[in-house]
Amino acid sequence: MSPSLPSRPGGRVRLLVVSLLLALASLLVAPAAGAAPRAAAADVAATADRLTRALGAQGAGAYLDASGRLTVNVLGAGAAAQVRAAGATPRLVARSTASLERVKAALDAAGTAPVGSSWGVDVVSNTVLVSVPAGRGAAFVARARSFGAAARVQRAPAVQTQAFYGGQAILHSGSRCSAGFITRSGSGRNYVLTAGHCTNLGGTWTTSSGQTIGPVAASSFPGNDFGAIRISNPAALDPRGGVLYYGAFQDITGASRVPVNSNACKTGSTTGTTCGMVQAYNVTVRYAEGTVYGLTRTNICTQPGDSGGAMFAGSQAQGITSGGSIGGCGNGFQSFFQPADEALSVYGLTLL
């Protein structure tokens, strides 16, 4: 489907996650040590953005170290002094962001990536991390290794999109996904923002109790993984503001991306609220249905049926659940999210 939403942006950003998808208490888990921080996410994100813009080509990405301190990769002493002056920790690295993005772009263009693989710049290791399922993709692995130390290859479980067929949540023709964010267009119409591989099914979506939500208004997948369902029946959705966080609603005030290694959580109709760590941005994933670019990689547990659910860090909206590793959330699990800010910008929507 082609996008049909107005493109004019709105005002103050807020969001509402559709709580009807998370009504079962058994789907919610107790907060753990990895739970998302409830404050300061916006401040840390703003500092990281300001530093990386100021450093330009002398910066190579920012992340939080094991103690939670903002660390900025730099290519020289002058840049390191700028970072220290701003109260962050500089780390001297060998490769620039631009050089690593060129490696990633070459892999994007290679055309030999096996289904279930992913690759993107990893700021912590200052390499392009390439994840390929065991026994697959010999040609792609060889291409990645041709870049020497700039690329790091690991064998990992295959990844897939996470719609689910049968069950309860937002439903259409037997498929099950999760609603992400309720949004508003410049013309005043409201939409549910969710995964594009779900909205690609088209048609009218309903709640688990059979109430009509509305028809698909726009869908973008593959390439991207976001879509919008027009809300024709507001009574089907919970009107409260905020994001469901372990059974309580929390205000969201923006959609700024947090630094790598920040804690974040997601809500979904299968696994409820789960938390983990943001590992990388701008990751390419080769799904069976096609390749998606610009995703966020995390270790947050997701399972089939969670597709389209909301990811957030403190007060900041982060993304829409796209896919994850096959075979559960054990050691080495990876999940992938469509960044929320991109989807909102493309459709000209604001979060309520």
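A strand here is a DSSP run of E with at least two residues, and strands are numbered from the N terminus. By that rule, asparagine 282 is found in strand β19, residues 272-287. The model is predicted.

**Helix α4**
- Helix α4 spans residues 138-145, and Phe140, Val141 and Ala144 are buried in it.
- These three cover an arc of only 100° around the axis, so they sit on the same side of α4.
- Ala138 and Ala139 are exposed, on the face of α4 turned away from its buried side.

**A cis peptide bond**
- Phenylalanine 221 and proline 222 are joined by a cis peptide bond, with omega about -10°.
- Proline 222 lies in the loop between β14 (212-220) and β15 (226-230).

**Asparagine 261**
- Phi of asparagine 261 is positive, about 80°, although the residue is not a glycine.
- Asparagine 261 belongs to the loop between β17 (248-250) and β18 (263-268).
- Its relative accessibility is 21%, so asparagine 261 counts as partly exposed.

**Asparagine 282**
- Asparagine 282 also has a positive phi, near 55°, and is a residue other than glycine.
- Asparagine 282 is placed within strand β19.
- Asparagine 282 counts as partly exposed because its relative accessibility is 30%.

Notes
Residues numbered from 1 in each chain as written. Predicted model: local features only at pLDDT ≥ 70, side-chain atom pairs only at ≥ 80, totals over all residues. Heavy atoms only, no water. Buried < 20%, exposed > 50% of the residue type's maximum accessible area, 1.4 Å probe, protein only. Helix = DSSP H or I, 4+ residues; strand = E, 2+ residues; numbered from the N terminus. Arc of directions from axis to C-beta.
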